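Welcome, and please take a moment to look over the model below. The briefing that follows walks through it topic by topic.

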Amino acid sequence: ADGEKLELSKLSPEQKFTKPPAKYTEASLIKLLEDKGIGRPSTFATILEIVGTLAFAISGIRLASAKRFDWFGAYAVGLVTAIGGGTTRDLLLNATPFWMINGSYLAVTAIALVFVAVFRRYLVHLENTFFIFDTIGLALFVVVGVQKTIMFGFPYWVAIVMGTITGSVGSIIRDILINEEPLLFRKDIY
């Protein structure tokens, strides 16, 4: 009531934040699509993700090799380049990161490492090779990011932002790890 005195019984310095449950898991989303008669999403997105992972991993491993990283360091840079943007996207969408559900992305990065090891003498010395693999990865991951965001029921403007994040964050992290100014922030790319 008005003027009633309240007494503080306990003051705790801990902050507790609740995270809302994900709108969909991948399994529940597929079930919903099937129930509505839409069917399962095509494997096209998975193919794009794997090819994009390979391209971005080659891009990261190639740059790490040019900076004289050892093979483990090159693999780590390639992996972060390949999964960084998609992981950020999935975390923002409140979904389990894709590579935690399907470990093939780790194997694809290992294949990229072998590819760079075999063709190192050609890849490390050709400057345009870097742009080719980076461009392929960027293009494919933007499409995958937009598609996954729309699939989770978000508006198109969110899908555009998530596509941009999916395509660019991995290469930004890569450039930071190899101590370079991020390529996307340089004038010469445009």
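Axes here are lines fitted to C-alpha atoms, for helices over the stretch in contact, and angles run from 0 to 180 degrees between N-to-C directions. This is a predicted model, in which local features need pLDDT of at least 70 and side-chain atom pairs count only at pLDDT 80 or more, while totals for chains, interfaces and linings use all residues. Residues are numbered from 1 along each chain as its sequence is written, and side-chain values use heavy atoms, with hydrogens and water left out.

**The chain as a whole**

- The protein chain has eight helices and zero strands; helices (H or I, at least four residues) and strands (E, at least two) are DSSP runs, numbered from the N terminus.
- Read from the N terminus on, the elements run α-α-α-α-α-α-α-α.
- Of the 190 residues in the protein chain, 39% are buried; buried means under 20% relative accessible area, exposed over 50%, and partly exposed in between (1.4 Å probe, protein chains only).
- Among contacts in the protein chain between residues at least 6 apart in sequence, 70% join residues at least 24 apart, where contact means heavy atoms within 4.5 Å.

**Helix 2 with helix 8**

- Two packed helices are described by the angle between their axes and the distance between the axes.
- Helix 2 (residues 44-66) packs with helix 8 at an angle of about 15°, and their axes are 10 Å apart.
- Helix 2 and helix 8 are therefore roughly parallel to each other; angles under 35 degrees count as roughly parallel, over 145 as roughly antiparallel, 65 to 115 as roughly perpendicular and the rest as oblique.
- The crossing of helix 2 and helix 8 is right-handed; a crossing is right-handed if the near helix is turned clockwise from the far one by less than a right angle, and left-handed if anticlockwise.
- On the helix 2 side, Phe 56, Ser 59, Gly 60 and Leu 63 meet Gly 167, Ser 171, Arg 174 and Asp 175 of helix 8.
- By class, this contact of helix 2 with helix 8 has two nonpolar, four polar and two charged residues; Ala, Val, Leu, Ile, Met, Phe, Trp, Tyr, Cys and Pro count as nonpolar, Asp, Glu, Lys and Arg as charged, and the others, Gly among them, as polar.

**Helix 3 with helix 8**

- The axes of helix 3 and helix 8 (residues 156-177) cross at roughly 140° and come within 7 Å.
- Helix 3 and helix 8 are therefore oblique to each other.
- Their crossing is right-handed.
- The contact of helix 3 with helix 8 has eight nonpolar, eight polar and two charged residues.

**Helix 3 with helix 5**

- Helix 3 (residues 71-92) packs with helix 5 (residues 104-118) at about 130°, with axes 9 Å apart.
- That angle makes helix 3 oblique to helix 5.
- Helix 3 and helix 5 have a right-handed crossing.
- Among the residues that meet here are Trp 71, Tyr 75 and Leu 79 in helix 3 and Tyr 105, Leu 106 and Leu 113 in helix 5.
- The contact of helix 3 with helix 5 has eleven nonpolar, two polar and no charged residues.

- Thr 81 lies in helix 3 and counts as buried, at 1% relative accessibility.
- A polar atom of the Thr 81 side chain lies 2.6 Å from the backbone oxygen of Val 77.
- Leaving aside neighbours within four places in sequence, Thr 81 is in contact with Phe 56, Gly 60, Gly 170, Ser 171 and Arg 174.
- Arg 89 is also placed in helix 3 and is buried, with a relative accessible area of 0%.
- Not counting residues up to four places away in sequence, Arg 89 touches several residues, including Glu 49, Phe 98, Lys 148 and Thr 166.

**Places beyond the helix contacts**

- Most residues other than glycine have a negative phi.
- Asn 94, in the loop between helix 3 and helix 4 (98-101), has a positive phi near 65°.
- Asn 179, in the segment after helix 8, has a positive phi near 65° and counts as exposed at 68% relative accessibility.
- Ile 132 sits in helix 7 (residues 127-151) and is partly exposed, with a relative accessible area of 46%.
- The C-alpha atoms of Ile 132 and Ala 55 are separated by 8.5 Å, with the two residues 77 apart along the chain.

How values were computed
Polar contact = N/O pair within 3.5 Å; in protein donor to acceptor, adjacent residues only side chain to side chain.
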